[in-house]
Amino acid sequence: MKAHDTKYVDQGRAAALLGIPEKDLCQISYEAGLGHKESRGAEEETYFTYEELRKICQLTVHRVH
């Protein structure tokens with residue numbers, strides 16, 4: 001096992017952790033170019049690293065102020 005494994009969080013869980021609606025998370029992540037999409041058949045899901053969540057958190061704080 002690598003000492004520095006990257007963990008991913010799906011969009012629903014990321015929105016819950018950040019305390020923002022998924023719609024807002026989707027818009028922010030699209031504008032900032034954060035997250036990555038994975039397709040499984042007809043379904044597509046967006047995943048985020050914890051570092052990306054930190055960046056999104058910083059972006060949302062700057063938007064509010």
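The model is predicted, so local features need pLDDT of at least 70 and side-chain atom pairs count only at pLDDT 80 or more, while totals for chains, interfaces and linings use all residues. Residues are numbered from 1 along each chain as its sequence is written, and side-chain values use heavy atoms, with hydrogens and water left out.

**Ser29**

- Ser29 sits in helix 2, residues 22-32 (helices are DSSP runs of H or I, at least four residues; strands are runs of E, at least two; both are numbered from the N terminus).
- Ser29 counts as buried because its relative accessibility is 6% (buried means under 20% relative accessible area, exposed over 50%, partly exposed in between, with a 1.4 Å probe and protein chains only).

**Salt bridges**

- The structure holds 3 salt bridges (a side-chain nitrogen of Lys or Arg within 4 Å of a carboxyl oxygen of Asp or Glu).
- Side chains of opposite charge can pair when their charged atoms come close.
- Arg54 pairs with Glu51 at 2.4 Å, N to O. Both residues belong to helix 3 (residues 50-64) and are 3 residues apart, about one turn of the helix.
- Arg54 is partly exposed because its relative accessibility is 40%. Glu51 is also partly exposed, with a relative accessible area of 39%.
- Lys37 bridges to Glu44, with the closest N and O atoms 3.9 Å apart. Both Lys37 and Glu44 are exposed.
- Arg40 and Glu38 meet through their side chains at 3.9 Å, N to O. Arg40 is exposed, at 59% relative accessibility. Glu38 is partly exposed, at 34%.

**Negative surface patch**

- Asp10, Glu22, Glu43 and Glu45 form a patch of negative charge on the surface (patch residues have over 30% relative accessible area and no salt bridge, and like charges are joined within 9 Å).
- Asp and Glu count as negative, and the place of each charge is taken as CG of Asp or CD of Glu.
- Asp10 lies in strand 1, residues 8-10. Asp10 counts as partly exposed because its relative accessibility is 31%.

Definitions and conventions. Patches are made of residues with over 30% relative accessible area and no salt bridge: like charges are joined within 9 Å, nonpolar side chains (Val, Leu, Ile, Met, Phe, Trp, Tyr) within 5 Å. Accessible areas come from the Shrake-Rupley method with a 1.4 Å probe; for residues, only the protein chains shown count as cover.
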